[in-house]
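Hello,

Here is the structure for your files. My notes on what was found follow below.

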Amino acid sequence: MPTYRRGMDVFTADQEQYIGTVTRVLWGRRERSIGAGAEETGSSASAVEGNPELVHEEGARVSPTEHLAPRQLGEEMGPVPTIAFGNTGPEEQSAAQHYATGLHGPERKAEYLVVRPGRINLGILTPPLWVPVAAVRSVSMERVVVDVERDAVPISWRVPPALSAER
């Protein structure tokens, strides 16, 4: 499940036209279903446990998946670490945060993205668009691509939805 947040740029389906910037995310209740959601693989604790130990010629045993080096984000190594300047990406997209998938997040799901259209934000003078998450084609880093063209934005996106939870 993608993570939506304020400040993401929204583009048309062909990614040639900028629609606006996400200013808020409106949340609804997530429904639990059997088999729903992704399962972590690879270096998860369940994947590492049970691996056979390797036996060296001297008789010493070592796990083939044991992590010996200190854990450090690649961004912290440089050449110019930007976390101190406010870059939240490396932390939000780290293994500790489940790569921004929201796997272990609250029992909520994004319903609508509130998007301020245009490049210039005039606050209340620019009425927002309420983009349903169902119209999102793809999400990557700071870009959301929706399944419409700028000239074909539905009228329903200009009317606020009736949702109880908001963030």
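K109 and E111 are joined through their side chains by a salt bridge, with 3.8 Å from N to O. Salt bridge here means a side-chain nitrogen of Lys or Arg within 4 Å of a carboxyl oxygen of Asp or Glu. K109 is partly exposed at 30% relative accessibility, and E111 is also partly exposed, with a relative accessible area of 23%. The cut-offs are under 20% relative accessible area for buried, over 50% for exposed, and partly exposed in between (1.4 Å probe, protein chains only).

Before the rest, a note on the source. This is a predicted model, in which local features need pLDDT of at least 70 and side-chain atom pairs count only at pLDDT 80 or more, while totals for chains, interfaces and linings use all residues. Residues are numbered from 1 along each chain as its sequence is written, and side-chain values use heavy atoms, with hydrogens and water left out.

The structure has 3 salt bridges. One of them pairs R5 with E142, where the closest N and O atoms are 3.1 Å apart. R5 sits in the segment before β1 (9-11) and E142 in the loop between β7 (136-140) and β8 (143-146), so this pair ties together parts that are 137 residues apart in sequence. R5 is buried, with a relative accessible area of 13%, whereas E142 is partly exposed at 38% relative accessibility.

Another salt bridge is formed by the side chains of D147 and R137, at 2.5 Å from N to O. D147 is in the loop between β8 and β9 (165-166) and R137 is in strand β7, 10 residues apart. D147 is partly exposed, with a relative accessible area of 47%.

As for the fold, the protein has 2 helices and 9 strands, in the order β-β-α-β-β-α-β-β-β-β-β from the N terminus. These are DSSP runs numbered from the N terminus: helices are H or I of at least four residues, strands E of at least two. Of the 167 residues, 25% are buried. The accessible surface is about 11,700 Å², and 54% of this belongs to carbon and sulfur atoms; the areas come from the Shrake-Rupley method with a 1.4 Å probe.

Contacts (heavy atoms within 4.5 Å) were also counted. Among those between residues at least 6 apart in sequence, 59% join residues at least 24 apart.

T126 counts as buried at 12% relative accessibility. Leaving out residues up to four places away in sequence, T126 touches R116, P117 and I120.

Regards
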